[in-house]
Amino acid sequence: MLREILSGGAGVDPAQLAGAAGLPNDPASVAALFSQLQQAMTSGGDGINRDLALQQGVARANQGQQDTDAATRAAWAQAQHVAALWLDEVVAVSSLTEPGVVLSRRRWVEQTMPVWTQLAEPVASSIADSLTKVMSEQAPEELRGMMAGASQMMRSIGGTLFAMQLGQVVGQLSAEVVTGGDVGIPLLEDGVAAVLPQNAAEFGDGLDIPDDQIQLYLAVRELAHARLFRHARWLRLRLISSITDFARGIRIDTERIEELASDFDPSNPEALRDALVNGSLIPPKTEEQQVALARLETMLALIEGWVDVVTARATERLPSSGAIAETIRRRRATGGPAESAFGTLVGLELRPRRLREAAAMWSAVTDAVGVAGRDDLWSHPDLLPSSTDVDDPARIVARLTGERTEEEASEADAFDQALEALLRGETPGGDADADAPDDERD
């Protein structure tokens with residue numbers, strides 16, 4: 001198939017193939033695609049082509065991008081100033097050292113692409129490893145000595161295709177995100193709070209809420225997110241490492257690849273797209289991956305739950321805070337098309353599943369030990385609440401306050417009663433006479 005398309009043969013429609021790969025299928029984009037593939041065959045590169053991913057992302061972000069005028073920048077600067085004062089009243093983490101920034105879609109892509117490629121690299125490598133394994137196993141014995149060079153070519157081509165897809169996904173995300181921390185993971189440097197005014201304006205369309213209230217609410221959320229990662233210096237590395245470790249465990253179903261190869265119809269590449277989008281090439285998660293995923297989801301939920309709680313308390317005086325919060329919850333629950341595409345590429349949903357439970361736990365902790373006691377839990381990873389704490393906030397509240405839960409009190413009472421019975425010479429659950437020897441009973 002590669003020989004056919006790169007030689008300009010008529011057996012494959014390049015536009016259809018580009019569309020199947022999730023790439024633009026206009027003539028200019030298709031020509032660029034095959035030019036990049038031809039370069040990949042001779043370049044000998046490995047992994048994701050980061051420059052190409054950035055180029056694709058910027059090109060996509062530039063579509064429909066609008067410049068931010070001075071009045072809008074001033075309005076956001078004022079909103080961030082007020083948001084910082086409100087947050088100071090409800091958190092015990094220090095304020096940022098730098099003022100918040102206003103980003104265009106293009107600038108957001110440029111500043112976040114390094115993290116996106118870092119997250120996607122393990123999956124791209126896994127796909128390349130699976131493809132080269134299939135090639136090596138399927139090659140005739142007399143040709144296996146030549147497979148080393150062909151395998152390197154496939155890794156280079158795979159890295160190029162993956163980079164183009166990743167760039168398209170991140171470029172599309174740039175039209176969906178509203179703030180720097182909108183997707184939950186730290187895409188910007190620690191201590192950087194950012195907003196995309198164009199997307200924020202689209203977020204507010206149809207809400208019938210004054211713009212200044214929307215700006216204030218979003219500014220509070222973004223500053224809370226940025227402050228948390230600046231306060232918990234270990235959190236960014238811990239979270240990104242957890243995601244990449246999970247991604248390294250992803251394996252590609254080589255048998256499914258062989259089926260696709262044997263049944264592939266160049267005139268109908270949609271079958272290839274369906275396999276890529278529905279995740280059928282990725283086998284079920286291993287037990288180790290399930291454990292890693294549960295741990296990662298708990299961490300994401302703890303972060304977002306904390307941000308939700310402090311934002312709600314900081315914006316209590318804002319008349320429309322409840323309506324804005326509900327809009328964000330609905331938006332988070334559904335996600336966007338680019339977010340779904342990234343989930344397919346990396347095998348990970350960005351939205352935490354247990355957000356409501358985590359938020360309820362943080363509220364209970366705040367009521368029990370106050371703001372400072374709550375935020376101290378972020379000072380070290382060993383202090384962070386566990387999944388069990390999220391399920392049962394009473395446990396962590398009891399631990400922090402030195403009180404016992406009802407279950408622990410019941411277990412302690414049962415132990416005390418059993419010990420007292422033993423000291424009296426009784427069998428727990430029985431009586432002294434029943435357990436005494438016959439001559440003693442007489």
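Which residues have the most contacts inside the largest nonpolar core?

## Model and core

This is a predicted model, in which local features need pLDDT of at least 70 and side-chain atom pairs count only at pLDDT 80 or more, whereas totals for chains, interfaces and linings use all residues. Residues are numbered from 1 along each chain as its sequence is written, and side-chain values use heavy atoms, with hydrogens and water left out.

The residues with the most contacts inside the largest nonpolar core are Trp108, Trp116, Trp306 and Trp378, and this core has 90 residues. A nonpolar core is a set of buried Ala, Val, Leu, Ile, Met, Phe, Trp, Tyr and Cys residues joined through side-chain atoms within 4.5 Å. Buried denotes under 20% relative accessible area, exposed over 50%, and partly exposed the range in between (1.4 Å probe, protein chains only). Trp108 is in contact (heavy atoms within 4.5 Å) with Leu103, Trp116, Val170, Leu173, Ser174, Val177, Leu187 and Leu196, when its neighbours within four places in sequence are left aside.

## Overall composition

The protein has 21 helices and two strands. Helices (H or I, at least four residues) and strands (E, at least two) are DSSP runs, numbered from the N terminus. Of the 442 residues, 45% count as buried.

The accessible surface of the protein comes to about 21800 Å², and 50% of this area belongs to carbon and sulfur atoms. Accessible areas come from the Shrake-Rupley method with a 1.4 Å probe; for residues, only the protein chains shown count as cover. Among contacts between residues at least 6 apart in sequence, 81% join residues at least 24 apart.

## Salt bridges around Arg221

A salt bridge is defined as a side-chain nitrogen of Lys or Arg within 4 Å of a carboxyl oxygen of Asp or Glu. By this rule, the count comes to 17 salt bridges. One of them joins Glu304 to Arg221, with the closest N and O atoms 3.5 Å apart. Glu304 lies in helix H13 (residues 287-314) and Arg221 in helix H9 (residues 211-231), so the pair ties together parts that are 83 residues apart in sequence. Both Glu304 and Arg221 are buried.

Asp308 also forms a salt bridge with Arg221, the closest N and O atoms being 2.6 Å apart. This pair links distant parts of the chain, with Asp308 in helix H13 and Arg221 in helix H9, 87 residues apart. Asp308 is buried, with a relative accessible area of 17%, and Arg221 is buried at 13%. Through shared partners, salt bridges join Arg221, Glu304, Asp308 and Arg332 into one network. The side chains of Arg221 and Asp308 are also joined by a polar contact of 2.6 Å. A polar contact is a pair of N or O atoms within 3.5 Å; within protein, one must be able to donate a hydrogen and the other to accept it, and residues adjacent in sequence count only if both atoms are side-chain atoms. Not counting residues up to four places away in sequence, Arg221 touches Glu304, Val307, Asp308, Thr311, Ile328 and Arg332.

Where do Glu110 and Arg107 lie? Both are in helix H6 (residues 105-138), three residues apart, about one turn of the helix. An α-helix has 3.6 residues a turn, so residues three or four places apart point the same way. The side chains of Glu110 and Arg107 meet in a salt bridge (3.0 Å, N to O). Glu110 is partly exposed, with a relative accessible area of 26%, and Arg107 is partly exposed, at 41%.

The expected span of a helix is 1.5 Å times one less than its number of residues. Buried residues in H10 include Trp234, Leu235, Leu239, Ile243 and Phe246.

The twelve residues of helix H4 (residues 50-61) should span 16 Å, and the end C-alpha atoms are 16 Å apart, which agrees. In H4, Leu52, Ala53, Gln56, Gly57, Val58 and Ala61 are buried. At the start of H4, a side-chain oxygen of Asn49 reaches to within 3.3 Å of the backbone nitrogen of Asp51.

## Individual sites

Ser320 is placed in the loop between H13 and helix H14 (321-334). At 16% relative accessibility, Ser320 counts as buried. With neighbours within four places in sequence left aside, Ser320 is in contact with Ile209 and Gln213.

Leu161 is placed in helix H7 (residues 147-173) and is partly exposed, with a relative accessible area of 30%. The C-alpha atoms of Leu161 and Ala124, 37 residues apart along the chain, are separated by 9.5 Å.
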